[in-house]
Amino acid sequence: MEGSCTCGALRYRLLDAPMIVHCCHCTWCQRETGSAFAVNAMIETDQLDVTGPVDYILTPSASGKGQEVARCPSCQVAVFSHYGGAGRKIAFVRVGTLAEPAACPPDAHIFTSTKQPWVVLGEGTPAYEGYYRSADLWADAALARRKAVLGK
């Protein structure tokens, strides 16, 4: 899978499938995207081949650990981010920046307790009022990948 910012100066390629894809409905994601939710594909950063210039912007997060957003310095589109828990070891790729975003539908809806009331969730995709235990949802192979990169 490949993607880019709007102007094309910042491009990337996923070297493996995402470990998981979240559709996050928290108020922080709503505010930061200016939308009702954010859809992020989680992948090891060493499996994300990035070409072009990147500006890293540190923003606050609900956890208090912050979020480092990777933006194109030309068009300022947010392409991926790193959260404080995993740091730069795991990238949260904005699915909307993929050339074919339909290839990464959400595996789960999270923080639905703050989703907009007009967002209707379809059946078949797990939905959680907050977060969840990864062992309850992630495939064994994805859990092994996460453990390999984070050591836990």
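Is Arg88 buried, partly exposed or exposed? Arg88 is partly exposed, because its relative accessible area is 45% (buried means under 20%, exposed over 50%, and partly exposed in between, with a 1.4 Å probe and protein chains only).

This is a predicted model: local features need pLDDT of at least 70, side-chain atom pairs count only at pLDDT 80 or more, and totals for chains, interfaces and linings use all residues. Residues are numbered from 1 along each chain as its sequence is written, and side-chain values use heavy atoms, with hydrogens and water left out.

**Around Arg88**

Arg88 sits in the loop between strand E8 (78-83) and E9. Strands (E, at least two residues) and helices (H or I, at least four) are DSSP runs, numbered from the N terminus. Arg88 touches Thr45, Tyr56, Glu68 and His82, leaving aside residues up to four places away in sequence. Contact here means heavy atoms within 4.5 Å. Phe37 is 51 residues from Arg88 along the chain, and their C-alpha atoms are separated by 23 Å.

**The sheet**

Strands of a sheet pair through backbone hydrogen bonds, either parallel or antiparallel. Here three strands form an open sheet in the order E1-E2-E5, with antiparallel pairing. Its edge strands, E1 (2-4) and E5 (48-51), each pair on one side only. Two strands count as paired if DSSP finds at least two bridges between them. Four bridges join E2 (residues 11-14) to E5. Arg13 stands opposite Asp49 in E5.

**Pocket and cavity**

Both spaces are found on a 1 Å grid over the protein atoms alone. In a cavity, a 1.4 Å probe fits but cannot get out; a pocket is an open set of points with protein on both sides within 12 Å along at least five of seven lines. Lining residues have an atom within 4 Å of a point. Grid points are joined across faces, edges and corners, and a volume is the space filled by probe spheres set on the points.

| Space | Volume | Residues from H1 in lining |
|---|---|---|
| Largest pocket | About 760 Å³ | three residues |
| Largest cavity | About 40 Å³ | three residues |

The largest pocket is lined by 27 residues, and Ser63, Tyr83, Gly85, Phe92 and Tyr131 lie nearest its centre. Elements that give two or more residues to this lining include helix H1 (27-33) and strand E4 (38-44).

The count comes to one cavity of 30 Å³ or more. Among the residues lining the largest cavity are Cys29, Glu32, Tyr83 and Arg94. H1 and E4 each supply at least two residues of the cavity lining.
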